[in-house]
There are 2 protein chains.
Amino acid sequence: MKKKTTIYDIAKKLNITAATVSRALNGNSKISEATRKLVEETAKEMNYEQNRLAQALKSGKSYNVGVIVPRIDSNFFASVIRGIEEELYPKGYHVIICQTHDQKSLETENINSLLNAQVDGVLMSISQAQNANDDNFDALIKKNVPLIFFDRKKDIKGISSVTIDDFKGAYEATKHLIDQGYKRIAHLSNDRSILIFKNRYLGYKQAILDSGLEFDESLVIETQSKVLEGRKIMKQLLELEHRPDAIFSSSDFTALGAIQEIKEHGLNIPEDISVVGFSNEPFTRFMELSITSVDQSPIEMGRLTAQVFLEEVNSDKRVTSEKQVVLTPELIVRKSSLRTPVKH
Amino acid sequence: MKKKTTIYDIAKKLNITAATVSRALNGNSKISEATRKLVEETAKEMNYEQNRLAQALKSGKSYNVGVIVPRIDSNFFASVIRGIEEELYPKGYHVIICQTHDQKSLETENINSLLNAQVDGVLMSISQAQNANDDNFDALIKKNVPLIFFDRKKDIKGISSVTIDDFKGAYEATKHLIDQGYKRIAHLSNDRSILIFKNRYLGYKQAILDSGLEFDESLVIETQSKVLEGRKIMKQLLELEHRPDAIFSSSDFTALGAIQEIKEHGLNIPEDISVVGFSNEPFTRFMELSITSVDQSPIEMGRLTAQVFLEEVNSDKRVTSEKQVVLTPELIVRKSSLRTPVKH
């Protein structure tokens with residue numbers, strides 16, 4: 001039987017590195033158009049594509065991997081998916097995506113549909129549904145289809161995950177506000193049955209307590225990651241007798257809504273009220289009043305999730321391993337929270 | 001054999017309309033949380049979910065529909081997908097998504113993977129690859145799997161499509177700039193082997209010609225729909241001896257880059273230079289200097305695409321029909337192009 005073409009064969013023929021071949025086939029923007037074309041043509045000539053299918057038939061694998069996210073129209077999830085694709089495509093895997101719109105019923109349907117589609121694994125960020133339980137995952141586990149969580153996870157024995165240290169991200173964001181002199185910091189939270197939101201809340205709370213400020217539970221508001229929700233909540237907060245002077249939001253979208261509402265009330269940001277978001281969505285950078293936010297390295301998160309999948313899918317099926325990968329977030333300080341330094 | 005549960009059965013039991021049941025199962029935000037929960041629970045009690053799978057087994061259909069888009073991290077494509085989901089979920093179909101990153105090789109792989117996953121149809125917006133030919137679509141057509149294009153289409157006999165009138169959208173955007181008194185209007189175009197970009201170019205050109213302004217081909221620049229590309233091109237345009245006083249961009253992302261570059265050169269928008277984008281991405285509305293853009297009714301486009309699919313999948317296979325649906329775009333005028341009216 002003829003040996004199948006690998007990216008190493010293509011690299012050798014073109015006298016370039018395998019990494020460059022992988023990047024070119026994978027559409028990495030660092031690769032010139034000319035190189036990409038050359039690699040694609042050579043891959044075709046050498047039947048690289050055909051071999052993937054042949055390999056699939058031989059192994060009984062579909063080489064399709066399912067990715068389930070709450071929504072695709074957030075840069076965070078889109079970037080995680082990009083990272084997953086960058087890691088899996090050169091290995092001959094294909095990525096198909098489903099979104100849950102944060103509904104448990106759609107989560108169940110997504111998993112069933114992906115199982116029907118014979119995927120080799122499911123990489124997912126769970127929905128916000130309060131009543132989420134483990135039923136949804138049993139079907140996967142029973143069929144021995146690798147399941148890996150990223151970002152929004154459930155603690156299930158034997159299931160690996162890739163997350164960021166949300167506690168630390170929230171702690172540093174809140175600490176930054178305290179260092180800037182803000183004293184009454186409200187927190188726009190989200191469904192805290194989801195670990196990431198619980199940990200952001202706990203990080204915020206700990207930073208307040210550690211600084212000796214008073215922790216006021218009434219300044220913690222649970223809402224959804226939507227611009228309009230941010231406006232609504234901010235309106236309520238501005239009507240308080242003793243209103244907050246800073247907002248730490250667990251979502252950039254809610255932060256954006258809060259900013260719109262603050263401006264409409266004729267208040268200045270960050271002089272009167274400061275706002276910090278979470279996720280580092282591109283619009284936080286594009287705005288004229290750029291928004292301070294916490295970066296979650298989503299492409300890295302996607303790559304690591306894919307790597308954990310590859311380890312599991314290639315491992316001895318009789319061994320159950322569980323891996324918890326935690327990334328360190330980075331606070332990006334921008335105009336919405338940076339008071340002009342006072343000159344003496 | 002027991003009759004399968006439909007949304008009408010659920011509606012009857014709960015004494016609400018079938019439309020409400022459909023919306024509730026589909027996560028429509030107009031439905032209250034309480035109703036949604038009630039409908040979901042009733043659907044579960046009545047084995048609505050189970051019946052979908054039973055039906056799939058009986059009919060040999062997978063009830064999975066594949067959607068292929070150039071990228072998921074654009075609000076336009078995410079919204080089209082939302083429209084497709086809103087239409088297909090209540091009919092028992094499930095949507096799985098792939099992205100091509102505008103690469104022909106990934107387009108081919110996406111189609112193969114979706115065929116492997118036994119989808120009942122493929123709804124797609126084609127990639128920008130210059131050499132795109134029809135090979136990719138042959139596999140689908142041969143297997144009698146319905147293929148429907150939306151937005152970015154190819155003219156293939158027998159293949160239906162849902163698009164907007166890009167010529168009209170571009171014509172009106174350019175006409176608006178001319179009405180505001182701008183005389184030297186540049187056009188940031190894109191790969192014109194893709195019909196939508198060709199038609200936007202033609203609409204722009206016709207508006208210039210109809211108004212009696214001089215048409216200057218050197219002011220038409222082909223670029224990609226990326227913020228950094230917009231900056232790069234705008235830098236070149238600002239260095240021209242006779243620089244443009246307005247930009248009509250076929251992309252909001254390129255328009256945003258142009259705006260950033262214009263500001264960096266210390267010029268005022270819209271006084272010195274005016275900018276109009278295309279697609280009505282949410283950031284065009286959120287910006288302090290909001291951006292005039294052309295709305296493409298993406299949710300409606302998704303719904304109509306799904307409806308065409310349903311017609312085809314339910315039709316007599318021996319009949320070949322082709323449907324071309326064209327939506328009318330809407331110009332949304334915002335700060336980036338609206339000169340303050342001169343008072344007399």
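This is a predicted model: local features need pLDDT of at least 70, side-chain atom pairs count only at pLDDT 80 or more; totals for chains, interfaces and linings use all residues.
Residues are numbered from 1 along each chain as its sequence is written, while chains are lettered from A and ligands numbered from 1 in the order in which they are written. Local features need pLDDT of at least 70, side-chain atom pairs count only at pLDDT 80 or more, and totals for chains, interfaces and linings use all residues; side-chain values use heavy atoms, with hydrogens and water left out.

**Both chains**

**The interface**

Select the residues of each chain in contact with the other, contact meaning heavy atoms within 4.5 Å. The selection holds 45 residues of chain B and 45 residues of chain A. Of the interface residues of chain B, 100% are also interface residues in chain A, so the copies meet through the same surface.

The buried area between the chains is about 3,800 Å², with 51% from carbon and sulfur atoms. Buried area is the accessible area (1.4 Å probe) that two parts lose on being put together, summed over both. Show Ile72(B), Phe286(B) and Glu288(B) next: they supply 15% of the area that chain B buries against chain A, more than any other three residues.

Stay on Glu288(B), which forms a salt bridge with Lys263(A), the closest N and O atoms being 2.6 Å apart. Two salt bridges are counted between the chains; the term requires a side-chain nitrogen of Lys or Arg within 4 Å of a carboxyl oxygen of Asp or Glu.

Now show H6(B), which gives the largest share of the side of chain B that touches chain A, eight residues. Helices (H or I, at least four residues) and strands (E, at least two) are DSSP runs, numbered from the N terminus.

**An aromatic pair in chain A**

Select Tyr63(A) and Tyr93(A). Their rings form a tilted pair, 4.7 Å centre to centre with 35 degrees between the planes. Tyr63(A) is in the loop between H4 and E1 and Tyr93(A) in the loop between H5 and E2, so the pair ties together parts that are 30 residues apart in sequence. Rings of Phe, Tyr and Trp (its six-membered ring) pair if their centres lie within 6.5 Å; planes under 30 degrees apart count as stacked, over 60 as edge-to-face and the rest as tilted.

**Backbone stops**

Most residues other than glycine have a negative phi, and most peptide bonds are trans. Go to Ile269(A) and Pro270(A), joined by a cis peptide bond with omega about 5 degrees. Pro270(A) sits in the loop between H11 and E9 of chain A. In chain B, the bond from Ile269(B) to Pro270(B) is cis, with omega near 5 degrees.

Finish at Gln118(A), where phi is positive, near 65 degrees. Gln118(A) is in the loop between H6 and E3 of chain A.
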